[in-house]
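This report covers the charges, the overall build and some local contacts of one protein model. The sequence and structure come first.

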Amino acid sequence: MRDETAKTIRRAERFQIILIGEGLLVGGIAGLVVLLYRMLLGSAGEWLNRILAYVNGNPLYMAGWFAVLMVFAWVVSRLLAFEPMISGSGIPQLEGEMTGKLDQKWWRVLPAKFFGGFLCVLGGLALGREGPSIQLGAMVGKSVSNGLDRGKTEEKFLLTCGAGAGLSAAFHAPLAGVMFSLEEVHKNFSASVLVSVMTASLTADFISSTVIGTESVFQFDIVKTLPPEYYGMIVGLGIVLGILGAFYNWFTLKVQEIYNRASFLNTTTKLMIPFFCAGILGFTMPELLGSGHTLLENLTAGDIMLQTILFILIGRFLFSAISFGSGAPGGIFFPLLVLGGFIGGAFAAVGVKYFGLDAVYMNNFVVLAMAGYFSAIVRAPITGIILIFEMTGSLSQMLSLAVVSITAYVIATLLKSKPIYESLLERLLKKQGYQAEENSAHGQKVLTNFTVQEGSRLEEALISEIVWPENCLLVAIQRGSEEIIPKGRTKLFVGDVIVTMTDERDMARVHDQMEVLCKEMQ
């Protein structure tokens, strides 16, 4: 056991160089996989429009399309039975794996998620590609780790690299891929993970851009930068987004709960509900189907009446919740950006009509609301700001993006709304009947980093004064560029990164206890 511990520490000393090469490999493979997934989903959206145009007006053909949708629901249910981990966006599953509470089988997740996501988009469900892309990228990272016979410590880095590469390739947003991986997935900033994730994200983005071009996802026409006199409205928008973001989280979980409580529904019949709704909408309001990309482009391209904006907003909100709550493989990342954009559009339309807002700033509020709504729901404001900047190609709104994102973040926090992916992970673990393993097998050694936060019980405490988790070895204290060997008289300060080593079987328990030590207020 001492030999294994020493080997893990020695290898960790060379992580920064090793992980650059591995990040390049993961980014290349994940970029290709997610690029293929993105192109296939794009084709699915086009095929759906052609199918609806062809069958609309012919009762026999329309009935046939409903039958096809029910077949789609049945096939997706079989894929969920084959691999339950493909349910939903896949981001909670990844976060559960990062903390040692879940173990995904990459060779099952990759094909099942790929095909299941394709069928959901072809059927018209209001789901996004970003969550599945992140999960697909992470599973590529895990496959590389398994193929190279890497340990659990290195596997966590490669999962993070794959997640960043997946988001980068899905949205042509390499910086957002890096920030999301650090802020939401790895939840830690270190030189090793930063360099490796950046390598993977840039590699995936290069592959994606080479094939489908470098244009930003949205081509919004931002005519002018918002002047200072409108910043009061930006704060007001942030407050609205914080409240509606908290409501979104509550409503999404409530719909999921309703599905789960309906004992008369099995996996197949649960999925038939959103597919059936998609069939009805396809012949009545086809604009509400799919990811909603076209809706946002129409919103920012022309003069849409306030009543129309509100109607689409409510319709998309309900259909997104019905689609996601069923457990269908697909994300909420992009759909919530669409909802945020329409909230911003409605807010601006009210401002133009009643408060003298210049209509030329309509698109500014659409973009701002997308970032603020994301921050309120996911609770990752830095990622939200960078993502919207990269998706729109506009640098002129960084200050206003920061103001609305932070305001929405604070309001959602004050309302005690938990981040959506954290809540979904808790639900998933409860459903899985998770409990920490208590067997005597030790497993591999795992290195994990934790950052001392201001106000926590570790701030300015001596190592000897703290009751540390059982079976947890303090390996090093990283303070800036300095690495300190921990001793009883070593004092901890805000920003210190504590490097711990534990057995694989204890990883989840130690992770939770260390998070409490580093974050819980004294």
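## Charge

The protein carries 39 positive and 43 negative side chains, and the centres of these two sets are 5 Å apart. The model is a predicted one.

## Overall build

The protein contains 19 helices and four strands. Its radius of gyration is 23 Å, close to the 24 Å given by the globule rule for 522 residues, so the protein is as compact as a globular protein of that length. Along the principal axes, the C-alpha atoms fill a box of roughly 75 × 55 × 45 Å.

Of the 522 residues, 59% count as buried. Among contacts between residues at least 6 apart in sequence, 83% join residues that are at least 24 apart.

Ser-201 belongs to helix α9, which spans residues 191-212. With a relative accessibility of 0%, Ser-201 counts as buried, because the cut-off for buried is under 20% relative accessible area. Leaving aside residues up to four places away in sequence, Ser-201 touches Gly-164, Ala-165, Ser-168, Pro-174, Gly-177 and Val-178.

## Salt bridges

Side chains of opposite charge can pair when their charged atoms come close. Searching the whole structure gives twelve salt bridges.

One of them joins Glu-154 to Arg-150, with 3.3 Å between the closest N and O atoms. The two partners fall into separate accessibility classes: Glu-154 counts as buried at 3% relative accessibility, whereas Arg-150 is partly exposed, at 26% relative accessible area.

## Network around Glu-257

Lys-254, Glu-257, Arg-261 and Arg-427 are linked in a network of salt bridges. Lys-254 is partly exposed, with 29% relative accessible area.

Glu-257 also forms a salt bridge with Arg-427, the closest N and O atoms being 3.6 Å apart. This pair links distant parts of the chain, since Glu-257 lies in helix α10 and Arg-427 in helix α18 (residues 420-432), 170 residues apart. Arg-427 is partly exposed, with a relative accessible area of 29%.

Conventions
Residues are numbered from 1 along each chain as its sequence is written. This is a predicted model: local features need pLDDT of at least 70, side-chain atom pairs count only at pLDDT 80 or more; totals for chains, interfaces and linings use all residues. Side-chain values use heavy atoms; hydrogens and water are left out. Helices (H or I, at least four residues) and strands (E, at least two) are DSSP runs, numbered from the N terminus. The radius of gyration is taken over C-alpha atoms; the globule rule is 2.2 Å times the number of residues to the power 0.38. Buried means under 20% relative accessible area, exposed over 50%, partly exposed in between (1.4 Å probe, protein chains only). Contact means heavy atoms within 4.5 Å. Lys and Arg count as positive and Asp and Glu as negative; His and the chain ends are not counted. The place of a charge is taken as NZ of Lys, CZ of Arg, CG of Asp or CD of Glu. A salt bridge is a side-chain nitrogen of Lys or Arg within 4 Å of a carboxyl oxygen of Asp or Glu.
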